[in-house]
Amino acid sequence: MKFDTIIDRRGTHSSKWDGMEKIYGVSPEDGLSMWVADTDFRPPKCVGDALQGMIDHGVFGYFSDETDYRAAICWWMKNRHGWSFDPKAIFTTHGLVNAVGICLEAYTAPDDGVVIFTPVYHAFARIISASGRKVVECPLVDNNGRYEMDFAAYDAKMTGKETMLILCSPHNPGGRVWTRGELEAVVAFAIRHDLTLVCDEIHHDVVFDGAKHTAMPLIEGVTDRLVMLTAPSKTFNIAGAYTGNAIIEDPDLHQKFAARMSALSLSPNSFGLVATTAAYSPEGAEWVDSLVAYIAENKRIFDEGINAIPGLKSMHLEATYLAWVDFAGTGMSMSEISERVAKVARIATNQGPTFGTGGEVHLRFNIGTQRSRIQEAVSRMQAAFGDLQ
């Protein structure tokens, strides 16, 4: 578990490293890539060994019998998140954004409203709009650096045309781990407005000391409207396998999702199935524990350094490896902020406005990388904003 080892991803068709110059003007030759939400770590040895076994065998035909794969998912969810369910409830999709797209087709109609709590993962709004549905933004409240929900305000926004709510739990980009009470309030809101609840828990394995993640299916009264989305991609850095899971226990919701999967003729790839089966194991669990401890120290170093810059505030992370930095205190425009970060600090980051209302003067930094790069990023940011100190 040598997380400090620098792995050069340049020239490997990496979106994160090979794509940043085109989008942000940051050269991979001297720039730091802190945007796309994958890490710069190799997955645990058990994953590499399983994939190497496929390579050594040398025949890559159609995959049969997902029994071990489904059992591994059930084992992981029970042992890491306290949730047990029938393995037949699992659908495997081409990643979780694909799963959201299927949900939109299965459970909503064109022009329906789809609720999201902003700022939130930018792909939600993109795919809602692309499907011909309406994005309904319910802004989170920044209460002294901690996002909270305001259901009185959200109730007032509802028109009756909304049919779905997409929740990010833990929250991306703010790193909030919603409490059980907050999740109960989300479910009550969904019931009041008769919303199908799609819960994206892709970041639920990277949770830091002091926070307790509660899997949404453990909330009473939610099963008959819940689509639970999970994936090993962010946890184990295997996003390129495009293997996500929609776990649907309600028979009616299950049947509707199955119908769309059948119509699209979707089935998983064998590499993703093998990698997931290997990752969701005791060896994978041990690796994740070490990963979380490593990222926690990255978080401490990054927050300490960024918060020392007048006008900048890094939101306290309870989960994820995505730091959300507020630049409002600088009084600068978003264009000036971006110019300093990309051109002076030479760091590629995600732009806050793409996350919706509440992200106007924020940037998202991926701290799931080697410690030396975190230290370098802090040094560059302090230099780029040195005139504020």
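## Basis of the values

Residues are numbered from 1 along each chain as its sequence is written, and side-chain values use heavy atoms, with hydrogens and water left out. Because the model is predicted, local features need pLDDT of at least 70 and side-chain atom pairs count only at pLDDT 80 or more, whereas totals for chains, interfaces and linings use all residues.

Helices (H or I, at least four residues) and strands (E, at least two) are DSSP runs, numbered from the N terminus. Two packed helices are described by the angle between their axes and the distance between the axes; the axes are lines fitted to C-alpha atoms, for helices over the stretch in contact, and angles run from 0 to 180 degrees between N-to-C directions.

Helix 3 (residues 45–57) and helix 11 (residues 270–279) have axes that come within 8 Å and cross at roughly 145°, and the crossing is right-handed (a crossing is left-handed if the near helix is turned anticlockwise from the far one by less than a right angle, and right-handed if clockwise). The contact, meaning heavy atoms within 4.5 Å, is made by C46, V47, A50, L51 and M54 of helix 3 and by S270, F271, V274, A275, A278 and A279 of helix 11. By class, this contact of helix 3 with helix 11 has ten nonpolar, one polar and no charged residues, where Ala, Val, Leu, Ile, Met, Phe, Trp, Tyr, Cys and Pro count as nonpolar, Asp, Glu, Lys and Arg as charged, and the others, Gly among them, as polar.

## Helix 4 with helix 12

The axes of helix 4 (residues 67–81) and helix 12 (residues 282–307) come within 11 Å and cross at roughly 45°, and the two helices are therefore oblique to each other (angles under 35 degrees count as roughly parallel, over 145 as roughly antiparallel, 65 to 115 as roughly perpendicular and the rest as oblique). This crossing of helix 4 and helix 12 is right-handed. Helix 4 contributes W75, W76 and R80 to the contact, while helix 12 contributes P282, G284, A285, V288 and D289; by class, the contact has five nonpolar, one polar and two charged residues.

## Helix 5 with helix 10

Helix 5 (residues 96–107) and helix 10 (residues 251–264) pack at an angle of about 110°, with their axes 9 Å apart, and they are therefore roughly perpendicular to each other. The crossing of helix 5 and helix 10 is again right-handed. A99, I102, C103, E105, A106 and Y107 in helix 5 meet L253, K256, F257, R260, M261 and L264 in helix 10, and the residues of this contact divide into nine nonpolar, no polar and three charged.

## Backbone geometry in loops

A cis peptide bond joins S169 and P170, with omega about -5°, and P170 lies in the loop between strand 7 (162–168) and helix 8 (180–192). Another cis peptide bond joins N172 and P173, with omega about 25°, and P173 is also found in the loop between strand 7 and helix 8.

Y242, a residue other than glycine, has a positive phi near 45°, and its place is in the loop between helix 9 (233–236) and strand 10 (244–247).

## The cavity

The structure holds one cavity of 30 Å³ or more, a cavity being a set of points, on a 1 Å grid over the protein atoms alone, where a 1.4 Å probe fits but cannot get out. The largest cavity has a volume of about 40 Å³, a volume being the space filled by probe spheres set on the points, with grid points joined across faces, edges and corners.

W83, P217, T223, L226, M228, I247, I248 and E249 line the largest cavity, lining residues having an atom within 4 Å of a point. This lining divides into six nonpolar residues, one polar and one charged.

Key: On a 1 Å grid over the protein atoms alone, a cavity is a set of points where a 1.4 Å probe fits but cannot get out, and a pocket is an open set with protein on both sides within 12 Å along at least five of seven lines; lining residues have an atom within 4 Å of a point.
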